[in-house]
Amino acid sequence: MSDAPLILGVSGLRGIVGESLTPEVAVRYAAAFGNFINDRIPVPDRRIRLGRAGACCVVVARDGREGGESIYHAAISGLLAVGCDVLPIGVATTPTAGIVAQQLAHAAMVVTASHNPALWNGLKSLIVYEDLANTDEDLANTDLVLVPSRMARAPGVADASAIIDRFERGPVYEPVQEEECDPPKDPSTLGVCVGPYERAAVEHVHHVYGASCTLNTESHGDFEAADEREFFCVVDSVNASGSTIALTELYYFGRAAPLFCDGTGRFPHTPEPTRENLSGPGGLCDAVPGLKADIGFAQDPDADRLAIIDEKGRYIGEEYTLAIAAESVLTGRIWSESLGKRVLVCNLSTSRMIEDVAARHNAEVVRTPVGEANVVERMIELRRQGRAVYLGGEGNGGVIWPQVTYVRDSLSAMALTLSLMARTGKTVSELVAQIDSYSEGGRGYAIVKRKAEIKAREDAAPAVAAVAEAYAKESVDLQDGVRVDFSGPRAGCWVHVRASNTEPIMRLICEAPTEALAGEILAEVEKHIAG
């Protein structure tokens with residue numbers, strides 16, 4: 001039996017292709033998800049524009065990575081087997097699948113392992129929730145925070161657990177031998193493929209463009225300025241799902257040069273958009289200054305994360321992606337105080353720069369456990385309370401802009417960044433310097449990350465307990481592992497220790513004004529863990 005990990009969590013399922021993740025596993029997981037959707041939605045509520053009357057419809061996409069077709073078709077088979085209709089849209093970004101689902105279907109499934117290397121693949125689920133309508137009168141009467149009532153998002157924690165439980169209990173679908181059929185299985189109970197649908201990318205770009213237009217203030221318009229300046233961007237999509245759609249969007253802002261956008265699915269480097277992976281010879285950090293471009297954008301394979309390279313070829317870090325997006329939404333739209341304090345939502349591992357940006361503009365930050373589903377669940381909860389939730393996201397470059405979708409979306413992040421540049425006339429490096437000036441003492445931000453291999457999530461529990469005990473006099477948050485926010489001489493510093501949701505590792509993250517101090521704190525934390 002293979003020792004390769006099969007990871008199940010709020011982020012879906014991930015495994016090593018051909019070992020822990022096989023077509024058979026994909027069929028079973030997709031069928032479990034399809035059964036969950038079938039049970040969740042009463043027949044009278046299954047009103048859609050495509051598919052059979054009374055059937056649930058699921059959009060299926062894949063991130064384009066090499067070798068993903070077998071898992072893609074297996075997922076489609078699993079859904080069809082349990083009676084779901086399927087709208088296959090082929091290679092498409094995760095947020096694109098979400099936008100198509102909220103328009104035409106009840107759910108979506110994306111074959112992707114996100115930032116994981118080529119040996120990995122997985123299944124990411126999105127559910128269209130019908131209960132996101134604006135109920136507060138002030139919110140309902142302003143388009144500044146208005147979102148459609150049908151929005152696709154990652155399953156909440158309870159729903160994700162229910163899907164996993166169905167998968168693990170199995171079998172979710174067993175074909176019956178023909179000679180045992182009495183009566184034979186009615187073909188009408190099986191799902192059908194509907195489509196084709198060729199407007200997926202166009203709809204996504206139009207959603208982002210429309211939302212971006214609402215950033216305009218009374219004194220100036222973002223896109224008028226953008227048209228005058230015509231930003232020159234370079235894009236690295238690791239030859240995956242963002243390859244075409246990113247270029248399509250960026251033509252609204254000027255010119256775009258493709259780097260690793262051939263759509264073959266063969267990764268030119270390790271696909272996570274980190275400094276190490278983007279700074280090799282001929283990489284994005286070389287290309288931006290070499291082409292005299294204004295900015296470089298790097299996506300992960302399913303294009304839900306974005307890293308930014310400044311005009312000098314400097315990797316500014318994924319944390320700045322969310323901070324720049326926050327600066328953009330907080331300064332680019334008219335704000336009525338009748339809506340109350342504006343809210344940004346992020347996870348516990350995200351840089352405190354978002355809190356400093358929020359404080360600068362009289363906004364509030366609410367933190368959650370790590371995971372897109374957890375961030376979105378809190379955003380929805382706050383909206384139901386009548387709060388003005390303007391943005392959510394994670395420090396890994398994942399921006400959730402509710403006016404577009406409740407899915408992390410690199411296209412939204414690109415549009416927010418370029419809109420801010422257009423309105424302020426500032427370069428990327430100048431925007432970074434501005435955000436750094438908001439920090440404790442204006443000293444900036446430095447994050448150091450380390451990891452340790454573990455066999456199971458529960459193996460991180462002793463380390464979490466040791467850190468919580470060692471720093472009990474500081475501000476301790478136990479929502480997800482342990483996060484410690486320091487006071488006194490270490491004010492502005494924090495450390496987070498937790499088990500990963502997507503890999504068999506324990507993550508240790510520390511932020512301080514300098515890498516040296518962050519490293520010093522992490523060394524101290526590791527001693528406490530060692531005991």
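A cavity is a set of points, on a 1 Å grid over the protein atoms alone, where a 1.4 Å probe fits but cannot get out; lining residues have an atom within 4 Å of a point. The model is predicted, so local features need pLDDT of at least 70 and side-chain atom pairs pLDDT 80 or more, while totals for chains, interfaces and linings use all residues. Residues are numbered from 1 along each chain as its sequence is written, and side-chain values use heavy atoms, without hydrogens and water.

**Exercise 1.** Describe the largest cavity and its lining.

*Step 1.* Start with the count: the structure holds 2 cavities of 30 Å³ or more.

*Step 2.* Next, the volume, which is the space filled by probe spheres set on the points, with grid points joined across faces, edges and corners. For the largest cavity this is about 50 Å³.

*Step 3.* Now find the lining: R352, S439, E440, G444, Y445, G492, A512 and P513.

*Step 4.* Sort by class: Ala, Val, Leu, Ile, Met, Phe, Trp, Tyr, Cys and Pro are nonpolar, Asp, Glu, Lys and Arg charged, and the others, Gly among them, polar. That gives 3 nonpolar, 3 polar and 2 charged residues.

**Exercise 2.** Find the members of the largest nonpolar core that touch the most others.

*Step 1.* Recall that such a core joins buried (under 20% relative accessible area, 1.4 Å probe, protein chains only) Ala, Val, Leu, Ile, Met, Phe, Trp, Tyr and Cys residues through side-chain atoms within 4.5 Å.

*Step 2.* Among its 57 residues, F297, L344, L391 and L418 touch the most other members.

Technical notes:
On a 1 Å grid over the protein atoms alone, a cavity is a set of points where a 1.4 Å probe fits but cannot get out, and a pocket is an open set with protein on both sides within 12 Å along at least five of seven lines; lining residues have an atom within 4 Å of a point. Buried means under 20% relative accessible area, exposed over 50%, partly exposed in between (1.4 Å probe, protein chains only).
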